[in-house]
Amino acid sequence: MRKLWSLSLCLVALASGAFAQAPRQVPSTTVQPRMETAADILPAESARLVRSGDSAMARADVGTAVGHYVRAAQAAPNALLPRLLAGVALTSSQRLKLAADSFKEAHRLAESDLLTTFMLIGSLEAIGDQAAAQELYLQTARDPRFRAAGRPGFDASSSLAYLRQASAAFPGSPTIALLIGDAQQLMGAFPQAEAAYRQSLKLA
């Protein structure tokens with residue numbers, strides 16, 4: 001079986017000792033990220049480059065995948081998806097500073113998306129910027145929009161819905177499958193997360 005090619009940055013963020021302060025329980029509301037919809041997820045050229053990046057990741061050619069994903073982001077300046085994919089590929093290739101830059105831009109485009117926020121937190125932690133990572137984590141943990149209703153943990157349902165739209169638009173993407181697993185982890189849906197990670201490995 002091929003090695004999973006991406007560091008799960010949201011799990012870095014959740015597990016890091018820098019985030020020892022537990023968030024207080026607050027009411028939850030559904031978060032609607034500011035991002036493109038499934039009906040028009042990416043312009044044609046950006047979508048073509050995303051598919052090329054997915055194919056490269058499936059061949060374990062991470063360097064080529066980075067190039068495709070970065071160009072996909074350049075072809076769709078206001079789109080979230082290619083920046084997330086580029087950040088994952090850059091992390092996998094250990095270009096952590098560039099990965100953090102990609103996740104920062106993703107967060108600027110969709111600051112209310114929980115998974116995007118956690119990918120940035122994990123990326124900041126990975127480059128050693130623990131102060132910025134902790135500050136963003138605590139802001140997120142205290143934000144009532146991100147709290148799960150009736151249970152401990154976070155509500156990543158809108159992130160998950162968006163990624164399922166993306167998966168429908170780009171079937172067979174190992175990178176999107178990995179991100180779906182991360183979103184499930186954030187929600188505490190561990191069997192579903194494991195299934196998504198296994199699907200990512202199968203596609204890769």
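Helix H2 (residues 44-58) has 15 residues and spans 21 Å from its first C-alpha to its last, close to the 21 Å expected at 1.5 Å a residue. The model is predicted. Buried residues in H2 are Ser46, Ala47, Leu49, Val50, Gly53, Asp54, Ala56 and Met57. The buried residues of H2 pack against H3, H4 and helix H9 (174-186). After H2 comes Ala60, with a positive phi near 65°.

Two packed helices are described by the angle between their axes and the distance between the axes. The table gives these values for two pairs.

| Pair | Angle | Axis distance |
|---|---|---|
| H3 (residues 62-75) and H4 (residues 81-92) | about 155° | 8 Å |
| H4 and H5 (residues 96-109) | roughly 160° | within 8 Å |

An angle over 145 degrees counts as roughly antiparallel, and H3 and H4 are therefore roughly antiparallel to each other. Their crossing is left-handed. On the H3 side, the contact involves Val62, Val66, Tyr69, Val70, Ala72 and Ala73; these meet Pro82, Arg83, Leu85, Ala86, Ala89, Leu90 and Ser92 in H4. The residues of this contact divide into eleven nonpolar, one polar and one charged.

H4 and H5 cross at roughly 160°, which makes H4 roughly antiparallel to H5. The crossing of H4 with H5 is left-handed. Here H4 contributes Arg83, Leu84, Ala86, Gly87, Val88, Leu90 and Thr91, and H5 contributes Leu96, Leu98, Ala99, Ser102, Phe103, Glu105, Ala106 and Leu109. Ten nonpolar, three polar and two charged residues make up the contact of H4 with H5.

Conventions
Residues numbered from 1 in each chain as written. Predicted model: local features only at pLDDT ≥ 70, side-chain atom pairs only at ≥ 80, totals over all residues. Heavy atoms only, no water. Axes fitted to C-alpha atoms, helices over the stretch in contact; angles between N-to-C directions. Helix = DSSP H or I, 4+ residues; strand = E, 2+ residues; numbered from the N terminus. Parallel < 35°, antiparallel > 145°, perpendicular 65-115°, else oblique. Left-handed = near helix turned anticlockwise from the far one by under 90°. Contact = heavy atoms within 4.5 Å. Nonpolar A, V, L, I, M, F, W, Y, C, P; charged D, E, K, R; others polar. Expected span 1.5 Å × (residues − 1). Buried < 20%, exposed > 50% of the residue type's maximum accessible area, 1.4 Å probe, protein only.
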